[in-house]
Amino acid sequence: LTLEDKSKLKLRSNNDCFVCFDFNCMETIVLQYLSKDKKLGELIDKGGDCYANIWETLFNEAPTQNQRKFIKNSFLKVVYGMQAESLSQESDIDLNVAKSFISNLKNIFPEAFDYIDSYQKSLKINNKVEDFFGRTRIFEEKPWSVRNFVIQAPAAIICLEKLIELYNIVPDKLIF
């Protein structure tokens, strides 16, 4: 919590504290689980920072802080359909570098991209898709958003399940 947020909240007692949890690489892990991408699975199983592991796979060297930030900010965006022109502008990199980066990601993680692409293709037949948990969504407008939906929707369900588990451990102390 930020200091401003903390200042607005009151603890019940001096023995209580505020705790914030974050699931590291949640959507990337969900993408791997659903797509069964072998290389992405290896990088996650390797442990440590999955974004640093992705960088090392692409460039054969450990990333700097800025390089790790670039991967974290661009990997899922590319998976979700960001094109080279947008990546080039957003990241202030050469267009050819952006094209090469996207091509390399698709070559290294083919099952992940194929999984997402399969939903995009099935959307052309129907204007709706069903996510991993069976929830259906219609995509009459913004059909490209199906790429986010098939990963983000299951990831949200998993987060809710973890929140329920946390509530079952500390039911009267869980705020949000």
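1. K38 counts as exposed, at 58% relative accessibility. Here buried means under 20% relative accessible area, exposed over 50%, and partly exposed in between (1.4 Å probe, protein chains only). This is a predicted model, in which local features need pLDDT of at least 70 and side-chain atom pairs count only at pLDDT 80 or more, while totals for chains, interfaces and linings use all residues. Residues are numbered from 1 along each chain as its sequence is written, and side-chain values use heavy atoms, with hydrogens and water left out.

2. The protein has nine helices and two strands, arranged along the sequence as α-α-α-α-α-α-α-α-β-β-α. Helices (H or I, at least four residues) and strands (E, at least two) are DSSP runs, numbered from the N terminus. Of the 176 residues, 32% count as buried. The C-alpha atoms fill a box of roughly 55 × 45 × 30 Å, taken along the principal axes.

3. Helix 3 spans residues 38-45, and L40, G41 and L43 are buried in it. These residues lie on the same side of helix 3 because they cover an arc of only 165° around the axis, the arc being that of the directions from the helix axis to the C-beta atoms. Their cover includes helix 2 (26-35), helix 4 (50-59) and helix 5 (65-79). K38 and D45, on the other side of helix 3, are exposed.

4. What caps the N-terminal end of helix 3? It is D37, a side-chain oxygen of which lies 3.2 Å from the backbone nitrogen of K39. For such a polar contact, a pair of N or O atoms must lie within 3.5 Å; within protein, one must be able to donate a hydrogen and the other to accept it, and residues adjacent in sequence count only if both atoms are side-chain atoms. Just after helix 3, G47 takes a positive phi of about 85°.

5. The structure holds nine salt bridges, each a side-chain nitrogen of Lys or Arg within 4 Å of a carboxyl oxygen of Asp or Glu. One of them joins K38 and E111 (3.2 Å, N to O). K38 lies in helix 3 and E111 in helix 8 (residues 110-125), so the pair ties together parts that are 73 residues apart in sequence. E111 is partly exposed, at 24% relative accessibility.

6. K39 and E42 also meet in a salt bridge (3.3 Å, N to O); both lie in helix 3, three residues apart, about one turn of the helix. A further salt bridge links E56 with K46, the closest N and O atoms being 3.3 Å apart. E56 belongs to helix 4 and K46 to the loop between helix 3 and helix 4, so this pair ties together parts 10 residues apart in sequence. E56 is partly exposed, with a relative accessible area of 27%, whereas K46 is exposed, at 52%.

7. Two residues deserve a check of their backbone angles. Most residues other than glycine have a negative phi. D92, although not a glycine, has a positive phi of about 55°; D92 is found in the loop between helix 6 (84-91) and helix 7 (95-108) and is exposed, with a relative accessible area of 71%. K142 likewise has a positive phi, near 50°. K142 sits in the loop between strand 2 and helix 9 (146-169) and counts as exposed at 51% relative accessibility.

Note on methods
Contact = heavy atoms within 4.5 Å.
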